[in-house]
Amino acid sequence: MNDQLTVAVLDQDEQLLGYLDPDVVQISEVDELGSLRSLTITHPLLDTQALTLGPYATLLVHGNKLWRPVTGDGDSCLYVIIDKRTINPEDNTITVVAEEAATELSQLPPVRISGMADFPDDFEDGSYNGYRDLKYPIWTVQGGTAEVTNTSPISGTYSLTHLGSGSDTLNNRMYWVSDETNYMLHFNIKLLSYGAGSSEPYFKFFARYQDSNNYLALEMRYESSIPTMYVFLRRVVGGVSTILATYNWGSTRWAVGGTHAFHIYDSGSNFTFILDSTTMINYNYSGVSFTGTQKGVGGNYTTKWMLDDFSFTGNTPDIQTITVDNTFLTRLLGDYFTIGTVEGTETFTYQGTVGILALLREIEAQTGYEFQFRYTWDGVNKRIIRYLDFLEERGETHPTSIEIGYNTGKITTEEDEGDVAIAASPVGAPSSTDTTENTMTFHQARRYWEGLAVSTTTQIPLWVTKDGDGVEVNGPLVYPPYNKLVNTNYVSSLDQDESSANYQEVQKKDGTPGSAPRTVLFESTETNKYNLYWLCVDKIRECLHPVVAVDAEVVDIQRLQGGSTAQYNVGDTVPVQLPDRATIITARVTKTIKDPRTPAGDTIELGNYVLDFYGDYLKVGRLGKSPFIEV
């Protein structure tokens, strides 16, 4: 029996409901680079044994899953019935269209990612280790015990509590690591019980903490002998303590059960603390340096406190990058996929709220790497395991070339140079509502851009940002890939001879010598000349090569491999002997259509796959991919 015709039907919890009849089921699977596998199943409604209405109409319903232990790609795959479901009594058939299970990632609530350092947590997931942000590490408990509880929470269902262990606030705290010096912080905190010290309640928020001898902290303590409840801004350097600012809260100490809203604004030069709606500390510390990357909350001795509705937002001038590693991917979708192989140390940037599957595609576009979904059967635990890999390039390299008359009946190539560009230039205009000053700023920025000269032998900033005071801050220096001539408004790759396009220049009229590179124009409001340069480079990489598609009708994919079980799959690299070329070229498989009943009709499409330059350039020496490479 052909194992590729085995199809198990599972319910939404992936429990077995039954099997389709391998003698009559019709299967067609389409896979395309950058997309998910699509499976079309056609099956008779009547049972072939008893000639009575079979169970297939009730099995093949939306939401149920299909498991193929062997596919035309030589692996196994899990699908969910999500698209069209057609019942045709006249033809005695039911047809369903399913997609591989990873499609469910597009049905999940989105995640929010900020270019700013953004750290919110309302603890409604029942954990203080799993907040929504994808950049920062988790809370760390330094002394005492912490838990998320649903007993009398401040708001919602859960709040975070911490009980001290009998030591001081330095050793009874919870903290996270952040190098932000310009940030906003908001949280609600309830005092559950006083500690054993004489100055209870004694509470600290650590704005910056390096060690017990070096920190900046907001301190609250009750002096019973006066009696007065004080708020201090305390600085400790080399073990020497200095009170920078003081606020007299009043003669009544913070009562057990009392909840207050803390609002802290630290600009890097000014520290402001607002309790509820009262400004208690507003201290300018320009010219005073601090060290330490820990921020946290602590209570003295056996103080017990509850915290909720926590929100930390940083405002750094640097581009916030996220590393695509096992930790990040597990936080993002570890509830749905087991993270498998993660190659490289790639990073990406993003600002906004985005669906999970769309975010994976964005990461692919920025890094040039590719995600791969895998599904395997765990025979020990009797379950399907879903894997997600992050690879420099998915697929295998095949030694056997595709040639007309040898192993394929047809090879067609389609080349499109309509969008080819060898150069790039930003365009735009001041808004009609802009002030005269803004209009002048726009034209001044474009004059600086036109006056910029760039040489591939001299390093330039990879980006330029601005700090909180509006001062430009250069990113790392790198060697640029293309020259830019002074007094020009475009960047050209023509002298690098990288494009495989035939049509690269626009010639001047007959009798007038010279030409101009084919140039792609793009709208941009960017004002920094170096940022404009890199935007041009990015656009050139997008348009450098023609779109090339190769369509091959392979006679028998398995036979091409000398009888092995290897397959031509999406992402694979294959040698191709084109009719109009004397040399063999290599191309990637970009699409396959496979039918296990008629493998001779399987088709593969090959072509180029152009990626975003920004991610490629950060890989040392790795350039954008060309349509094919002569071998």
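Reader: What makes E20 and E21 a hairpin?

Author: In this predicted model, E20 and E21 have two residues between them and form a hairpin. Strand E20 covers residues 270–275 and strand E21 residues 278–284, and the two pair in the antiparallel sense. Asp276, in the turn, has a positive phi of about 60 degrees.

Reader: How do you know that E20 and E21 pair?

Author: Pairing asks for at least two bridges between the strands, and E20 and E21 have six bridges, so they count as paired. Leu275, for example, stands opposite Thr278 in E21.

Reader: What joins E28 to E29?

Author: Nine bridges do, and the two strands run antiparallel. Trp377, for instance, has Ile384 in E29 as its bridge partner.

Reader: How do you know that the buried residues of H2 are on the same side?

Author: The buried residues are Phe328, Leu329, Leu332 and Leu333. Around the axis they cover an arc of only 95 degrees, which puts them on the same side of H2.

Reader: Which residues touch the most other members of the largest nonpolar core?

Author: Ile41, Leu66, Leu105, Phe328, Leu359, Phe373 and Tyr375 do, in a core of 52 residues. H3 gives the most to this core, with five residues. There is also a second, separate core of 40 residues, which includes Leu233, Leu244, Ala245 and Val297.

Reader: Why is the aromatic pair of Phe371 and Phe390 called tilted?

Author: Let's take the distance, then the angle. The ring centres are 4.8 Å apart, and the limit for a pair is within 6.5 Å, so the rings count as a pair. The planes are 40 degrees apart. Stacked needs under 30 degrees and edge-to-face over 60, with the rest called tilted, so this pair is tilted. Phe371 lies in strand E28 and Phe390 in strand E29, so the pair ties together parts that are 19 residues apart in sequence.

Reader: Are Phe371 and Phe390 buried or exposed?

Author: The cut-off for buried is under 20% relative accessible area. Phe371 has 3% and therefore counts as buried. Phe390 has 0%, so Phe390 counts as buried too.

Reader: Which residues form one aromatic cluster?

Author: Among them are Trp139, Trp176, Tyr183, Phe187, Phe203 and Trp249. The count of aromatic pairs comes to 23.

Reader: One last residue, then. Why does Ser524 count as buried?

Author: Its relative accessibility is 11%, and buried means under 20%, so Ser524 counts as buried. Ser524 lies in the loop between strand E39 (519–523) and helix H5 (529–543). Not counting residues up to four places away in sequence, Ser524 touches Pro426, Val427, Arg446, Leu532 and Leu535.

Key:
Residues are numbered from 1 along each chain as its sequence is written. This is a predicted model: local features need pLDDT of at least 70, side-chain atom pairs count only at pLDDT 80 or more; totals for chains, interfaces and linings use all residues. Side-chain values use heavy atoms; hydrogens and water are left out. Helices (H or I, at least four residues) and strands (E, at least two) are DSSP runs, numbered from the N terminus. Buried means under 20% relative accessible area, exposed over 50%, partly exposed in between (1.4 Å probe, protein chains only). The arc is that of the directions from the helix axis to the C-beta atoms. A nonpolar core is a set of buried Ala, Val, Leu, Ile, Met, Phe, Trp, Tyr and Cys residues joined through side-chain atoms within 4.5 Å. Rings of Phe, Tyr and Trp (its six-membered ring) pair if their centres lie within 6.5 Å; planes under 30 degrees apart count as stacked, over 60 as edge-to-face and the rest as tilted. Contact means heavy atoms within 4.5 Å.
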